[in-house]
Amino acid sequence: MSCNPAIGGLGKSQIVRELDALGGEMARAADASAIQFRRLNASKGPAVRARRVQCDMGGYQAHMRSAVEACERLALLQGMVVDIDTRLEGGRRAVTGLQLEGGRRLEASQVVLTTGTFLRGLMHIGLRSEPGGRVGDPPDVHLSDALVGLGFELGRLKTGTPARLASESVNLSGLVEQRSDPTALPFSHAWSGPKGVDLPCYLTRTNEKTHDIIRANLDRSPLFSGRIEGVGARYCPSIEDKVVKFPDRLSHQVILEPTDMSQQVIYPNGISTSLPEDVQVELIRSIEGLEEAEMLQPGYGIEYDFVYPTQLRCSLETRAVDGLFLAGQINGTSGYEEAAGQGLVAGVNAARKVAEQAPIVLGRQEAYIGVMIDDLVTRGTREPYRMFSSRAEFRLLLREDNAVERLADAARQIGIVDAIRLEARDAANARVDSLVQHLRTTLAAPDRDGRRPSLEILLRRPGVRLEELMDGMDGWEPDLIERAEVRIKYQGYVDRQIHRAERLGAMLGMAIPEGLVYGSLPGLSRELAEKLERVRPETLGQASRIDGMTPAALDVLSLHLAGHLAGSRRGVPRGT
């Protein structure tokens, strides 16, 4: 796992559900190693509800390793990549293999790089810095040079992690306990295992003394002394960053999370830091419950290289080198869920290219994964990108509860989900359809006026829940109950959003010829033409989201594309 012992959260859980719908493993690994299930925003609308599963980190790793080792026709090799071999084919550069440290070479027509924080990784604790991809692991110091040599533009980002604490040294008696929800909602659509062990987390807070300690030592912080050059995550800042940026806040929440079933190690979520070790001990012990805490491992900041993602296609294949795919933090994202979504798309498309099949590209109206990838390759990023529900224009369509339904066609096209699971999903869909039909045709008891509204009409009323209308719901999975309820309560809103998505999609889905010379189009400014040449959008929709795109410029493009399409239908050579 990543440093955080949890999967999901706001804007991220939809990605995990989508991964499961498409055949990925993350959801099942999280459910298999769960020690706590929680539902976030449960009282809000379905577009912003989210799951979060606290995991046993060792159990998660064991599940993933077993899944990989059991995969047919998959060989596991270990080594440090130092170079990417390529050759020119028809004027374009294409991957031929990888060079490993020590002289070994791996031949490959397609390569997927998922480098995490290891590209020239540099760890910071106070004013002390040392090379590393994470504690105990060396960085890759050669691959960045190889990428630059192939013509890629690289940037520098920063992330961080809090200290790890010995559980036996923490006083939990006066803290707020946080347990699993009474109804455990797993991530996987087909999980039939145990519903977690329910180990509690505990809530505490920083205080003015904590903040005074931090302010007094900012000159020893690599973040504020200029030693860290990379840009950090705006939405997941270090504790020293919070104290400086929000001087009026008297405290910040800290969640004490067990990292595994043994409960020997505590992860203090909320106080990520790269301050010196002695300062970390002092600030930790200023927090309620942590007055005598023993630090097992200090927190640290880490800088690493990334590739500006506008150099990628929507398939996550690079524009400069055929057969080279990038996924995860190398593309500027922050978070395990975001990396997994990219990993599935890049891996699937690399395999499809070997089989000479067209790439799978998920649209913004189909999946959060599609929103994320489109954001990255169209707009780019210069800070760690994190998924939020607010990034999705059609978030009511991209809910947790309907991931299987909306991605059914893509799942069948990809072919990872086995026939047994597909049949189980079809059966679940049929049960939901049957329940919705039952609610529409079943009349309730007469009201005061003698009228008998259907159960569907009653369910649409504010505050009414499906369990209140029907007896015998005990045999129904919570997911299926929610799907039926959401379908009825929000159908009008969903229909309007579907209509809007279809209307926009008809125009914005127009394909842009790959060789289009934007500088030759009258009506486009030189600045915008240069941006379009750099990004090379694949559709009019992508072009519309480029920074600086104006309605007038979009009209110029759409008129050109319409003429190009009409010309191609008349037999005029494409690209003229």
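A cavity here is a set of grid points where a 1.4 Å probe fits but cannot get out, and its lining residues have an atom within 4 Å of such a point. By this rule, the predicted model holds 2 cavities of 30 Å³ or more.

**Largest cavity**
- The volume of the largest cavity is about 50 Å³.
- Its lining consists of Val404, Ala408, Ala411, Arg412, Leu422, Arg425, Asp426 and Asn429.
- Two elements each give two or more residues to this lining: helix 11 (408-414) and helix 12 (419-441).
- Helix 12 gives the most, with 4 residues.
- By class, the lining of the largest cavity has 4 nonpolar, 1 polar and 3 charged residues.

**Second largest cavity**
- The second largest cavity has a volume of about 30 Å³.
- Leu22, Leu344, Val345, Val348, Asn349, Ile360, Leu362 and Ile414 line the second largest cavity.
- Helix 8 (residues 336-354) gives the most to this lining, with 4 residues.
- The lining of the second largest cavity divides into 7 nonpolar residues, 1 polar residue and no charged residues.

- Four strands form an open sheet in the order 9-8-17-10, and the pairing is antiparallel.
- Strand 9 (128-131) and strand 10 (154-161) stand at the edges. Each has a single partner strand, so one side of each is left without a neighbour in the sheet.
- On average, neighbouring strands of this sheet are turned by 25 degrees against each other, direction ignored.
- Inside the order, strand 8 (residues 122-125) pairs with strand 17 (residues 300-307) in the antiparallel sense, over 3 bridges.
- His124 has Gly301 of strand 17 as its bridge partner.

**Helix 15**
- Helix 15 (residues 478-489) has 12 residues. At 1.5 Å a residue, they should span 16 Å. The end C-alpha atoms are 16 Å apart, which agrees with that span.
- Helix 15 is mostly covered, with 10 of its 12 residues buried.
- Buried means under 20% relative accessible area.
- The buried residues of helix 15 include Leu480, Ile481, Ala484, Val486 and Ile488.
- Asp479, Glu482, Arg483, Glu485 and Arg487 of helix 15 are buried too.

Methods: Residues numbered from 1 in each chain as written. Predicted model: local features only at pLDDT ≥ 70, side-chain atom pairs only at ≥ 80, totals over all residues. Heavy atoms only, no water. Pairing = 2+ DSSP bridges. Axes fitted to C-alpha atoms, helices over the stretch in contact; angles between N-to-C directions. 1 Å grid on protein atoms, 1.4 Å probe; cavity = no way out; pocket = protein on both sides within 12 Å on 5 of 7 lines; lining within 4 Å. Points joined across faces, edges and corners; volume = space filled by probe spheres on them. Nonpolar A, V, L, I, M, F, W, Y, C, P; charged D, E, K, R; others polar. Expected span 1.5 Å × (residues − 1). Buried < 20%, exposed > 50% of the residue type's maximum accessible area, 1.4 Å probe, protein only.
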